[in-house]
Amino acid sequence: MSVSPTSHTPEDSTVPRRVWGSTSWMVLGRLWSSICTLTVLWLCAQHLADDAFGRLTFYLALFGVLDALVDLGTGQATVQLSAQDPSLLGSLLIRARRTRLIVGLGAAVTLALGAFLMEEPDAGWIALAGLYPLTHTLELSTVGLRNRIQWKPQVAMRSIASGMGLALVGAAIFMGESRAGVILVLVASGSTIGNVLLHRVGKPLLPRGSFSAVPLKPFLRLALPLGFAALAQQLYFYVDNLFVRVYWGEASVGTYNVAVRIMSWSLSLAVYAAAAALPWLSRAHKREELGLAAMRLTLPLTLGASLGVAILWPWTGDILALFGESFRVAEDPLKLLLLAVICVHAGAPLSTALVAARRTYSVLTLTLSALLLNVVLNSLWVPTEGLIGAARATLITEGWIALGAALALIHGPKSRVS
């Protein structure tokens, strides 16, 4: 049953139970994945040399940037367009997969050349690991599930892959492996397995038959601003790794990245709730009720994050010490990063609401300005203040995103909140 833009009931702008249900599954999956990731980091921190551990975490962060680059907005664009017109799904998938494949090949070649030209240790292994983003073409098969806001099967496949990745790394370390590049390949293998499993679980809901790709220019006109915005977001989240590595060395990168990983896990509620809610927010925008819907999603997320940070606050040093007493030096940076978590829980749903309104250039402008701000702050603070300067730059940047998204949504068209 379709809903016209003018007809609605009081429940229309209420966050659907399936959004919170899917978010719960994703958070549980993220919890398991985070346990696996933190266990991998713990094992590596105990058995790898400090510089090798720092190099490993640096490239893991870089792979987060590669993920955003290969996606290039194709995932959100495909979900948004197919949620409003399901008949386009087959043609959208062809275009999105072609785009990801081309960008992925370019990224893999660039990473390999960079590793060899910089004479990185384990350059060959790093180049091999850099091939895994090509499998993100398979990940697009989950669009049918995402449009139905059915995340349980996807979470199950990702959880299986996380467990397999942990098993591979654990076995390698048990056998005495100490090369960061080899561990990187094994982590990438887990991600590859996850994308294959996601393809298999999502394939039954995809349209069958032959389709022609949607026109390139209109698709890229929607996808590229989203893609560049996501890339800028990953860059301002991880660019501090580059500054810390240059000014303080690889060992400091490893210490700082443990705190960043704890922060990253704490973001799961915001990231997954926003992802699950995109189809619903798109339909709310069609009813001209986007502002109200965004507010009803943002408030509980922000309050929940504040409570979670308050619970973790006294234990930050002890959590870091699980990786070794030397990691306690990141306690104050971690506390700043946890404050940034609250900002993300406000900014993520508001930014997603802008995406639902197809205000992709507003999102792009906001994230590019955040990237510029983050680079400037890191260049000012990291050389003299180290990890605490990097964490402070992250906090201010995430606050900037939340404030900017709120103002853009309030002053934009069709943002009725009452």
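A salt bridge here is a side-chain nitrogen of Lys or Arg within 4 Å of a carboxyl oxygen of Asp or Glu. With that rule, the structure holds 12 salt bridges. This is a predicted model, where local features need pLDDT of at least 70 and side-chain atom pairs count only at pLDDT 80 or more, while totals for chains, interfaces and linings use all residues. Residues are numbered from 1 along each chain as its sequence is written, and side-chain values use heavy atoms, with hydrogens and water left out.

**Exercise 1. Follow the salt bridges of Glu250 to Arg55 and Arg245.**

Step 1. Start with Arg55, whose side chain meets that of Glu250 at 3.5 Å, N to O. Arg55 lies in helix 2 and Glu250 in helix 11, so the pair ties together parts that are 195 residues apart in sequence. Helices are DSSP runs (H or I, at least four residues), numbered from the N terminus.

Step 2. Now turn to Arg245: its closest N and O atoms with Glu250 are 2.5 Å apart.

Step 3. Check the burial (buried means under 20% relative accessible area, exposed over 50%, partly exposed in between, with a 1.4 Å probe and protein chains only). Arg55 is buried because its relative accessible area is 9%. Arg245 is buried at 17%, and Glu250 is buried at 19%.

**Exercise 2. Decide whether Arg328 and Asp318 are buried or partly exposed.**

Step 1. Find the contact: the two side chains, Arg328 and Asp318, form a salt bridge at 3.0 Å, N to O. Arg328 sits in the loop between helix 14 (316-321) and helix 15 (331-356), and Asp318 in helix 14, 10 residues apart.

Step 2. Apply the burial rule. Arg328 has 32% relative accessibility, so Arg328 counts as partly exposed. Asp318, at 38%, is partly exposed as well.

Step 3. Look for shared partners elsewhere: such salt bridges join Asp51, Arg55, Glu120, Arg245 and Glu250 into one network.

**Exercise 3. Work out what kinds of residues make up the lining of the largest pocket.**

Step 1. Sort the lining by residue type: 17 are nonpolar, 3 polar and 2 charged. Ala, Val, Leu, Ile, Met, Phe, Trp, Tyr, Cys and Pro count as nonpolar, Asp, Glu, Lys and Arg as charged, and the others, Gly among them, as polar.

Step 2. Trace the lining to its helices. Helix 2 (50-71), helix 4 (89-117) and helix 10 (216-248) each supply at least two residues, and the largest share, 8 residues, comes from helix 10.
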